Amino acid sequence: MARGTGEDGPHPVDRHVGRRVCEKRISLGYNQSDLGRALGLTFQQVQKYEKGTNRISASKLWDIARFFGVQPGYFYEGLNPGMAEDEGEGRAAGFDHDFPATRHTIEIARLTPQLPVRKQKLVLEMIREMAGVASAEADQD
C-alpha cells in the first residue's frame with residue numbers, strides 16, 4: 001500500500017515536516033510551483049511533501065532549506081520527541097492542529113505581536129467567538 005493511504009495516513013513526523021515546509025513557503029511568498037521549479041519538481045510533488053503523503057529525502061530537505069535560507073533542523077522545530085510512540089488513531093500527540101497554514105493565518109500570526117496586549121486579547125476573543133471555542137480565561141474568572 002502506498003505511503004499516506006489507508007487508515008494510518010502519513011506518519012506524524014512527515015506531516016510535521018511537510019507543514020513546516022508549507023508554512024515557510026507561504027511566509028516567504030512562494031507558491032508550490034515556485035518551490036517545485038527551484039527543486040526540479042512538479043507542484044504536485046510539492047503538495048505531496050507538504051501533506052506528508054510523500055516523505056522528503058534528506059538531500060531534498062537540504063535543498064529546500066538552502067532555497068528558504070534556513071537550517072534543515074528548522075523543519076523539525078516544535079516536533080514532540082515522543083511523537084511516534086504517542087500515536088493514536090492516526091493522530092499524534094504534540095499536534096495542536098491538523099490543518100494547513102494559509103496566507104491569512106501566517107499574516108495574522110506575523111501582525112498580532114505588533115498590537116498592544118489589550119488589542120491582542122480583543123482579537124483573540126473575537127477569533128474564539130467566531131470559531132465557537134470557549135475562552136480559557138472565562139474558566140478562570
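Biologist: By class, what is in the lining of the second largest pocket?
Modeller: This is a predicted model. In it, that lining has four nonpolar residues, three polar ones and no charged ones.

Biologist: Which residues line the second largest pocket?
Modeller: T105, I108, T112, Q120, V123, L124 and I127.

Biologist: And what volume does the second largest pocket have?
Modeller: About 280 Å³.

Biologist: Which helices each supply at least two residues of the lining?
Modeller: α5, residues 103-111, and α6, residues 117-131. The most comes from α6, which gives four residues.

Biologist: Why would residues three or four places apart in an α-helix point the same way?
Modeller: Because an α-helix has 3.6 residues a turn. Q120, V123, L124 and I127 are among the lining residues, and α6 runs over 117-131.

Biologist: Staying with α6, what should its 15 residues span, and how far apart are the end C-alpha atoms?
Modeller: At 1.5 Å a residue, α6 should span 21 Å, and its end C-alpha atoms are 21 Å apart, so the two agree.

Biologist: What follows α6?
Modeller: G132, with a positive phi near 75°.

Biologist: Different topic. At roughly what angle do the axes of α1 and α4 cross?
Modeller: Roughly 25°, and the axes come within 11 Å. Here α1 is residues 12-27 and α4 is residues 58-68.

Biologist: Roughly parallel or roughly antiparallel?
Modeller: Angles under 35 degrees count as roughly parallel, so α1 and α4 are roughly parallel to each other.

Biologist: Is the crossing of α1 and α4 left-handed or right-handed?
Modeller: Left-handed.

Conventions: Residues are numbered from 1 along each chain as its sequence is written. This is a predicted model: local features need pLDDT of at least 70, side-chain atom pairs count only at pLDDT 80 or more; totals for chains, interfaces and linings use all residues. Side-chain values use heavy atoms; hydrogens and water are left out. On a 1 Å grid over the protein atoms alone, a cavity is a set of points where a 1.4 Å probe fits but cannot get out, and a pocket is an open set with protein on both sides within 12 Å along at least five of seven lines; lining residues have an atom within 4 Å of a point. Grid points are joined across faces, edges and corners, and a volume is the space filled by probe spheres set on the points. Ala, Val, Leu, Ile, Met, Phe, Trp, Tyr, Cys and Pro count as nonpolar, Asp, Glu, Lys and Arg as charged, and the others, Gly among them, as polar. The expected span of a helix is 1.5 Å times one less than its number of residues. Axes are lines fitted to C-alpha atoms, for helices over the stretch in contact, and angles run from 0 to 180 degrees between N-to-C directions. Angles under 35 degrees count as roughly parallel, over 145 as roughly antiparallel, 65 to 115 as roughly perpendicular and the rest as oblique. A crossing is left-handed if the near helix is turned anticlockwise from the far one by less than a right angle, and right-handed if clockwise.
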